[in-house]
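Please look over the sequence and the model before reading on.

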Amino acid sequence: MSEESTLADLQEYTDTDYKWGFTTDIEQDTVAKGLNEDVIRFISKKKNEPEFLLDFRLEAFRYWQTLEEPEWAKVHYPKIDYQDISYYSEPKKKELKSLDEVDPELLETYNKLGIPLEEQKMLAGVAVDAVFDSVSIKTTFQEQLKDAGVIFCSFSEAAHDHPELIKKYLGKVVPYKDNYFATLNSAVFTDGSFVYIPKGVRCPMELSTYFRINAAGTGQFERTLIVAEDDSYVSYLEGCTAPQRDENQLHAAVVELIAFDRAEIKYSTVQNWYPGDKEGKGGIYNFVTKRGRCDGESSKISWTQVETGSAITWKYPSCILRGDNSVGEFYSVAMTNNFQQADTGTKMVHIGKNTKSTIISKGISAGRSDNSYRGLVRATKGASGARNYSQCDSLLIGDQCGAHTFPYIDVHNTSTSVEHEATTSKISEDQLFYLQQRGIDEEDAISMVVNGFCKEVLNELPMEFAVEARKLLAISLEGSVG
Amino acid sequence: MNTTTTFPLLNAINELETHFDFQAIAKAKLQETGLPTVRDEAWRFTDIRALNQLDLPVASTDTEFEDTDKWWSKGIVNAVTVPYVNGDFDINAELPEGVKLYTCNTAPEELKSQIGSALTDDKTPFVDLNHVLAKKVMILHVSKNADVSRVIHIKGITSADVQVHPRILVIAESFSRVQIVETWQGPAASRYFVNPLSEFVVNAGAIVSHTKLQDDSKTAFHIASIFVKQYGDSQYINHAVQFGAHVGRNDIVAELAASNSVCTLNGLYLPTAKQIHDTHSLVHHAMPHCESHELYKGALSEKGQGVFNGAIYVHKDAQKTNAYQTNRALLLSDNAKVNTKPQLEIYADDVRCSHGATIGQLDKQAMFYLQSRGLDPEVAKAMLTVAFTAEAIADMPEVELRDVIDDMLIEHFSN
């Protein structure tokens with residue numbers, strides 16, 4: 001294949017527009033731009049929150065004011081003016097009991113996104129807690145989950161109905177002092193999901209939330225908390241698409257997971273927020289703190305993520321392996337194109353005995369993007385028999401992009417084994433040639449090779465997500481060749 | 001940087017008059033930002049607070065020193081030795097044919113102008129400190145096409161309770177071949193600080209072997225910066241063995257500035273007691289068709305700490321780069337620590353780059369095999385540990401020295 005045709009193809013496909021870019025025109029109840037204690041009191045009051053949550057927010061805010069924005073990540077962006085963001089926005093209509101009351105325009109948005117709520121009810125298996133900007137509009141399958149004893153609701157509802165659980169677990173995995181963006185989130189978080197799986201319960205369905213950023217100039221500060229009691233199991237899916245915007249939007253979410261004895265939490269994400277246009281203008285800034293703690297013995301937390309969107313991704317889903325024999329997993333595909341920048345990876349902190357972790361990270365960079373893997377594997381002195389296997393592969397498409405790996409490995413005892421491997425290469429022309437001479441066109445051939453490259457990760461996704469993830473990769477990648 | 005921290009180590013520069021612009025710049029920079037602390041990313045795991053707090057005088061020419069034989073001395077008996085004592089050396093030292101020794105005052109202009117030419121922006125504050133405090137630059141010039149028959153041994157000796165800032169420039173002209181062994185020592189159980197800065201300019205087709213054996217006092221500080229600049233079809237082979245010093249650190253930066261150059265960086269670190277051995281390597285692949293190979297191995301006992309940070313930077317034009325890096329560490333004690341960070345930064349798409357890092361213990365099957373042949377577990381363990389570590393120096397061209405180091409490894413791990 002000639003270099004020229006390759007470049008032409010690259011051009012063609014990097015020109016592919018963001019297919020999910022549309023905005024919905026709904027009245028928003030938005031607080032004036034700016035961040036101060038009054039705004040935080042306003043948010044808390046608006047949500048009718050218990051006292052302890054307001055205290056938590058204010059404490060976080062006061063601490064946040066003493067912090068400086070971190071600069072260590074390999075991402076570059078103009079300084080964010082935190083006073084130029086509105087910290088609360090919600091659609092006007094609220095307290096809906098049935099779908100009829102839902103704003104038709106909103107339903108239309110969901111239809112475009114491919115999650116028609118009416119059909120969702122019929123489709124067995126997935127309950128959707130749809131978050132449109134900051135307030136949960138509709139929660140389905142509540143009843144069925146209730147029968148099983150599972151609590152799956154929006155964070156604000158949980159704050160009302162289960163304050164004791166929120167008080168007990170909020171900030172226990174990601175304390176408000178954790179990092180700049182987590183602290184900001186702790187001060188201004190607007191909504192999110194709360195999941196509680198009681199002892200011995202295997203959640204009867206996969207839980208899923210579609211996030212969507214809508215109003216211009218509003219940041220989205222989600223807070224998700226999942227607690228799995230002894231011997232329970234839950235699989236949680238999170239998926240995102242966002243409308244096309246010129247202005248950069250900030251997203252600083254916090255996700256906390258806690259798994260007790262023999263519990264298992266599987267957390268899957270497909271992230272496809274607006275990545276900015278071909279000139280690198282606009283796009284979402286995605287600064288997320290995700291962390292799970294395996295508190296109980298033989299507990300397991302598994303992160304799977306497919307990251308194709310956002311102008312900037314700054315995200316390190318981590319596992320603190322405290323319980324003996326606990327297991328942490330991280331499977332990731334991060335794809336960047338045009339001027340996207342991704343600095344993502346994981347932290348595996350081995351504290352308990354015989355803890356195991358697996359890291360499989362696949363980075364794909366195209367266009368003029370930068371894609372970094374940044375990870376930490378630490379085995380403390382007491383983590384005897386700890387075991388880690390890490391594999392970070394990068395695929396480069398085009399000669400303007402960059403792929404980087406920054407793995408940190410700290411071991412403090414003799415019986416730990418850590419293996420780390422990383423490779424960087426381009427799509428093999430031999431493979432493409434082989435497929436093409438079998439009559440498969442270039443575009444499909446690339447798609448096949450890339451899908452093969454990511455297969456280990458995609459296989460970890462639940463069925464519904466695997467389909468969406470493959471589509472997303474195809475949209476972002478098809479035809480590109482190095 | 002933390003402005004409240006004070007650095008008594010820098011007292012030596014305050015009263016000093018600078019003679020050149022670069023010295024004045026370095027001095028101003030140091031006075032403004034101070035020395036690194038654990039808050040700096042590149043020094044996160046290497047705690048040098050104890051060093052920063054030392055108020056040591058710079059060694060003078062009449063400082064007394066001791067030149068004792070070491071366990072490795074018999075490995076370099078056939079070499080030509082140039083002692084570099086407390087930052088000073090004898091300009092008239094005898095050297096084999098093809099090699100000339102200069103210092104700033106005696107070097108021809110075209111050599112003098114090359115001082116600093118291999119430095120890159122990856123300088124640590126200790127390079128600045130060397131700029132300000134270095135007394136006599138050692139310039140070794142290997143003439144064109146020279147095939148130097150004997151190993152040149154730069155023997156660094158430091159006295160107790162001083163700080164020393166040796167500076168070395170090696171220029172290997174086109175198609176020359178030279179082997180350089182650098183050793184560092186000081187009085188046992190004494191405290192001092194040695195901060196060598198070496199530059200290697202390896203011209204087209206030249207082959208340079210550079211072996212560095214750091215055997216400083218176990219209570220001393222050794223922070224070295226090595227900058228290598230390679231031109232077309234050249235080869236540079238580095239073997240760095242860290243044995244002594246309380247904190248021993250090598251910052252190696254190699255720039256492959258022209259096509260078809262090959263860079264090999266191998267190293268071995270053996271911290272025990274409370275030693276910290278740190279290696280920071282950075283290979284810049286600036287041009288296409290270059291190769292780099294790295295193999296670093298460490299065996300850590302007692303409260304020893306090993307830090308390894310190996311970066312490979314493939315620039316935009318460096319297509320067809322082949323870069324390979326391995327770091328393997330063996331922890332022999334629960335109180336030992338390893339911090340490893342292999343790092344790839346790649347901006348070219350047609351490259352083969354990989355790194356691997358493992359931290360672990362000896363292979364249980366190998367242990368079983370040896371024991372089933374009647375060996376005691378201790379003996380089996382020592383054998384395997386020696387074999388594990390010796391791999392890092394297996395390709396050392398100075399065979400006699402290598403054999404001596406092998407013997408040392410056997411002794412080191414038999415206890």
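## Terms and conventions

Two residues are in contact if their C-beta atoms, placed from the backbone, lie within 7 Å. By that rule, residues 24 or more positions apart account for 84% of the contacts in chain A with a separation of 6 or more.

This is a predicted model, in which local features need pLDDT of at least 70, side-chain atom pairs count only at pLDDT 80 or more, and totals for chains, interfaces and linings use all residues. Residues are numbered from 1 along each chain as its sequence is written, while chains are lettered from A and ligands numbered from 1 in the order in which they are written.

## Confidence

The predictor gives the complex an ipTM of 0.77 and a pTM of 0.82. For chain B the average pLDDT (the predictor's confidence in each residue, from 0 to 100) is 93, and 99% of the residues score at least 70.

## Chain A in outline

The secondary structure of chain A consists of twelve helices and 24 strands. Helices (H or I, at least four residues) and strands (E, at least two) are DSSP runs, numbered from the N terminus. Of the 482 residues in chain A, 55% are buried. A residue is buried if 20 or more other C-beta atoms lie within 10 Å of its own, exposed if 12 or fewer, and partly exposed in between, with C-beta atoms placed from the backbone.

Asn48(A) lies in the loop between α2 (37–46) and α3 (51–64) of chain A. Its phi is positive, about 55°, although Asn48(A) is not a glycine. Most residues other than glycine have a negative phi. Asn48(A) counts as exposed because it has 9 C-beta neighbours inside 10 Å.

## The nonpolar core

A nonpolar core is a set of buried Ala, Val, Leu, Ile, Met, Phe, Trp, Tyr and Cys residues joined through C-beta atoms within 7 Å. The largest one here has 237 residues, and those with the most contacts inside it are Ala228(A) and Val314(B). Helix α11 (residues 442–458) of chain A supplies the largest share of this core, seven residues.

Apart from neighbours within four places in sequence, Val314(B) is in contact with His285(B), Thr321(B), Ala323(B), Ile346(B), Tyr347(B), Ala348(B), Val351(B) and Cys353(B).

## Where the chains meet

The contact takes 31 residues from chain B and 31 residues from chain A. On the side of chain B that touches chain A, the elements giving two or more residues are β19 (337–346) and β20 (352–360) of chain B. The largest share of that side, ten residues, belongs to β19(B). Its residues divide into twelve nonpolar, ten polar and nine charged. Here Ala, Val, Leu, Ile, Met, Phe, Trp, Tyr, Cys and Pro count as nonpolar, Asp, Glu, Lys and Arg as charged, and the others, Gly among them, as polar.

Strand β23 (residues 402–411) of chain A runs antiparallel to β19(B), joined by six bridges. Two strands pair if DSSP finds at least two bridges between them. Val411(A) stands opposite Val338(B) in β19(B).

## Parallel strands in chain B

Strand β10 (residues 207–214) of chain B is largely enclosed by the rest of the structure, because seven of its eight residues are buried. β10(B) pairs in the parallel sense with strand β7 (residues 177–185) of chain B over eight bridges, and Thr183(B) has Leu213(B) as its bridge partner in β10(B). Strand β12 (residues 235–242) of chain B also pairs with β10(B) in the parallel sense, over eight bridges. There, Ile207(B) stands opposite Gln235(B) in β12(B).

Ile180(B) is found in strand β7 of chain B. With 26 C-beta neighbours inside 10 Å, Ile180(B) counts as buried. Beyond its neighbours within four places in sequence, its contacts are Ile152(B), Ile154(B), Val170(B), Val208(B), Ser209(B) and His210(B).

## A helix of chain B

Helix α7 (residues 377–390) of chain B has 14 residues, which at 1.5 Å a residue should span 20 Å; its end C-alpha atoms are 20 Å apart, which agrees. The expected span is 1.5 Å times one less than the number of residues. Among the buried residues of α7(B) are Ala380(B), Val386(B) and Phe388(B). The buried residues of α7(B) pack against β14 (262–269), β16 (291–300), β18 (322–331), α6 (364–372) and α8 of chain B.
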